[in-house]
Amino acid sequence: MSQKNVRLEVMKLLEKDVDSLIDKYLIPPEKIWQPTDFLPDSESNSFFDEVTEIRELAKELPYDFWVVLVGDMITEEALPSYESWLMDLDGVGQAERNPWAKWVRHWAAEENRHGDVLNKYLYLSGRVNMREIEITTQHLIADGFDIGTDRDPYKNFVYTSFQELATYISHNRVANLAKKQGNNQLSKMCKIISGDEMRHHHAYSEFVERIFAVDPSQMMLAFQYMMKQKITMPAVFLRESGEKIGTAFEEFSNTAQRIGVYTSLDYIEILEKLIKRWEIDKISNLNDEAEKARDYLMKLPERMLRLADRIKLPENSFEFKWVEPAKL
Ligand SMILES: [Fe+2]
Ligand SMILES: [Fe+2]
């Protein structure tokens, strides 16, 4: 049987548990938080006072902070790319409305609130150029997404396990920075988003765990494949208006590193967490190739740590069209 057919069979086998995994890891719309819970109520008489307070508090936060918050928001707003990518995986049947497709739809519905709440907050903050941000968002969705996973559910679930934890870290750090500056409302907003990302991380990690239980060698090789080619960040094609594809991404990620929101050390720590979570050292019934992949993965964090020491970052802020220095 081809590897693809084995994967289809494994996805079919796991399909019967997806409904219970949705109950375990996702929260119905009536019970979960909604963006409005963290924003001024536009039907209320106190709306303008609350907006004034948001604008006052926003003045306390520095340039790089806004760049990172904007970049995080745009990354969330490119959700159509992620949903369509996951819908296309082997074993996910959109037209058949199979349980995996249901997972993707329900997951995307939760994720959609992240861009929504951040977008509304940024609009009210008075600190950013919304039109430039909107152009970048439109570009990013139009430019699409390629994370090198093909349609392989194994590789994709490694990717999503990793990426959900990465977004947990960055939203959580932004929350801490906002809190330090006395901006409790923004802090709570980013904290609650990070909580969603953590739940999603646990869900995708359990999918991988379940695949390890039935197809350990191929799952190990998929994990190795993803780490060898490196986890591409979802906004890697980020650009500003009038610029070439991908030109804004490096400066965005430098900014995030500089203010400690997401660093190369975080990348290594996520890898370590995944190795621990999936008990890579204890997995048995591996073929020779997968045994070698396991050795490679076990040694990888150490190797990456040695390389990370040498990375130097530019010290000065990069000026984005999204955030106007004139307004500082
Ligand atoms: Fe998100
Ligand atoms: Fe997420």
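Start at Ser 241. At 14% relative accessibility, Ser 241 counts as buried (buried means under 20% relative accessible area, exposed over 50%, partly exposed in between, with a 1.4 Å probe and protein chains only). Ser 241 sits in the loop between α10 (216–229) and α11 (249–258). Helices here are DSSP runs of H or I, at least four residues, numbered from the N terminus. Show the neighbours of Ser 241: it touches Glu 132, Ile 135, Thr 136 and Lys 321, leaving aside residues up to four places away in sequence. Contact means heavy atoms within 4.5 Å.

Before moving on, note that this is a predicted model, in which local features need pLDDT of at least 70, side-chain atom pairs count only at pLDDT 80 or more, and totals for chains, interfaces and linings use all residues. Residues are numbered from 1 along each chain as its sequence is written, chains are lettered from A and ligands numbered from 1 in the order in which they are written, and side-chain values use heavy atoms, with hydrogens and water left out.

**Helix α7**

Select residues 130–143. This is α7, with 14 residues. From its first C-alpha to its last, α7 reaches 20 Å, close to the 20 Å expected at 1.5 Å a residue; the expected span is 1.5 Å times one less than the number of residues.

Now colour Met 130, Glu 132, Ile 133, Thr 136, Thr 137 and Leu 140, which are buried. Look down the axis: the buried residues of α7 fall within an arc of 160 degrees, so they line one face of the helix. That arc is taken from the directions from the helix axis to the C-beta atoms. The cover over these buried residues includes α4 (63–77), α5 (79–87) and α6. Turn to the other side of α7 to find Arg 131, Gln 138 and Ala 142 exposed.

Check both ends. Asn 129 caps the N-terminal end of α7, with a side-chain oxygen 3.2 Å from the backbone nitrogen of Arg 131. Just after α7, Gly 144 takes a positive phi of about 80 degrees.

Select ligand 1. The protein donors of this iron ion are Glu 76 (OE), Glu 76 (OE), Glu 111 (OE), His 114 (ND1) and Glu 197 (OE), lying 2.1 to 2.4 Å from it. Donors are N, O and S atoms within 2.8 Å of the metal (3.2 Å for Na, K and Ca); water is not among the atoms, so sites may look incomplete. Glu 111 and His 114 both lie in α6, three residues apart, about one turn of the helix. Both are buried.

Glu 164 is buried, with a relative accessible area of 5%. The two iron ions are 3.4 Å apart, and Glu 111 coordinates both.

**Two loop residues**

Go to Asp 150, in the loop between α7 and α8. Asp 150 has a positive phi of about 55 degrees although it is not a glycine. At 55% relative accessibility, Asp 150 counts as exposed.

Finish at Asn 285, in the loop between α12 (264–277) and α13 (288–308). Phi of Asn 285 is positive too, near 60 degrees. Asn 285 counts as exposed at 69% relative accessibility.

Note on methods
A polar contact is a pair of N or O atoms within 3.5 Å; within protein, one must be able to donate a hydrogen and the other to accept it, and residues adjacent in sequence count only if both atoms are side-chain atoms.
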